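Reader: Could we go through this structure together? I would like to begin with the aromatic residues.

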Amino acid sequence: MNSTDLAAVVAECTAHLRSALDADWVADIPGMEWTPAKAVAHIAEGLLWYSTDFAAGPRELSTMQMGVAPEKSPEELVATVEAFGTVLVRVLEGAAEGARGWHPMGMADASGFAAMGCDELLVHTWDAAEGLRRPFTPSAGPAERTLRRLFPWAPDDHDSWTTLLWANGRADLPCRPRQVNWRWHCAPLSERDS
């Protein structure tokens, strides 16, 4: 995964969200305690956190208090996702070869941060779309690359989008338990234990 993948996912997800600006952004998302507005605000927050975590390198920054206001208009929320997605793309593009950044699930490289950004966008756009009653199915390529980068142990006998949702605890797969305390592998794949 790289900044080009992330930029494409930002564009696809924000286009889908923009297509639903007339929907109810404060309705409950089925099975969650969030509204679409809260889910989209969370996407933006995640993208900005990933940008600062990667730029800060191997140390955790606990100095920043940041929140995106879910009560803002849907257009403003989508514009914030677009802006913070662009920030992460630029941070990834400007990173030194081999740069790493702190994340609670591991010392991620640029590929890991790009994949985490894609996962955040894809899965939470799906969440928001469920609440907006505007189904979302992304392009197969980004879903497949995100799945294989963050969840290399995931089964490969189902379509990649359903499996990515399963890996994030959002969907069932036949003969497999729903994921509850899921984790991803954001460090380089070469550092993965079998």
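Author: Let us begin with F151, which is buried, at a relative accessible area of 1%. Here buried means under 20% relative accessible area, exposed means over 50%, and partly exposed lies in between, with a 1.4 Å probe and protein chains only. Please note that this is a predicted model, in which local features need pLDDT of at least 70 and side-chain atom pairs count only at pLDDT 80 or more, while totals for chains, interfaces and linings use all residues. Residues are numbered from 1 along each chain as its sequence is written, and side-chain values use heavy atoms, with hydrogens and water left out.

Reader: And W153, how accessible is that residue?

Author: W153 is partly exposed, with a relative accessible area of 42%.

Reader: How many aromatic pairs does the structure hold?

Author: There are six aromatic pairs in the structure. In the pair of F151 and W153, the ring centres are 6.1 Å apart and the planes stand at 85°, so this pair is edge-to-face. The criterion takes rings of Phe, Tyr and Trp (for Trp, its six-membered ring) as paired if their centres lie within 6.5 Å; planes under 30 degrees apart are stacked, those over 60 are edge-to-face and the rest are tilted.

Reader: Which residues form one aromatic cluster with F151?

Author: F151 forms one cluster with W153, W182 and W184.

Reader: Cysteines next. How many disulfides are there?

Author: The structure has zero disulfides, a disulfide being a pair of cysteine sulfur atoms within 2.5 Å. For C118, the nearest cysteine sulfur belongs to C13 and is 8.2 Å away. For C186, the nearest is the sulfur of C118, at 14 Å.

Reader: Are C118 and C186 buried or exposed?

Author: C118 is buried, at 0% relative accessibility. C186 is also buried, with a relative accessible area of 0%.

Reader: Now the largest pocket. How much space lies in it?

Author: The largest pocket holds about 190 Å³ of space. The search runs on a 1 Å grid over the protein atoms alone; a pocket is an open set of points, where a 1.4 Å probe fits, with protein on both sides within 12 Å along at least five of seven lines, and lining residues have an atom within 4 Å of a point. The volume is the space filled by probe spheres set on the points, which are joined across faces, edges and corners.

Reader: What lines the largest pocket?

Author: The lining consists of H42, E45, G46, W49, Y50, D53, E60, L61, W102, H103, P104 and E120. Helix α2, residues 36–56, gives the most to this lining, with six residues. Helices here are DSSP runs of H or I with at least four residues, and strands are runs of E with at least two, numbered from the N terminus.

Reader: And how does the lining divide by class?

Author: The lining has five nonpolar, three polar and four charged residues. Nonpolar covers Ala, Val, Leu, Ile, Met, Phe, Trp, Tyr, Cys and Pro, charged covers Asp, Glu, Lys and Arg, and the others, Gly among them, are polar.

Reader: Turning to the backbone, what is the phi of R133?

Author: R133 has a positive phi of about 60° although it is not a glycine. Most residues other than glycine have a negative phi. R133 lies in the loop between α4 (110–132) and α5 (140–150) and is exposed, at 55% relative accessible area. C175, also not a glycine, has a positive phi of about 65°. C175 is in the segment after α6 and is exposed, at 84% relative accessibility.

Reader: What does the side chain of T163 reach?

Author: The T163 side chain reaches the backbone oxygen of D159 at 2.9 Å. A polar contact is a pair of N or O atoms within 3.5 Å; within protein, one must be able to donate a hydrogen and the other to accept it, and residues adjacent in sequence count only if both atoms are side-chain atoms. T163 belongs to helix α6, residues 160–167, and is buried, with 0% relative accessible area.

Reader: Lastly, where does N2 lie?

Author: N2 lies in the segment before α1 (3–18) and is partly exposed, at 38% relative accessible area. A polar atom of the N2 side chain lies 2.9 Å from the backbone nitrogen of T4. N2 and V89 are 87 residues apart along the chain, and their C-alpha atoms are separated by 8.5 Å.
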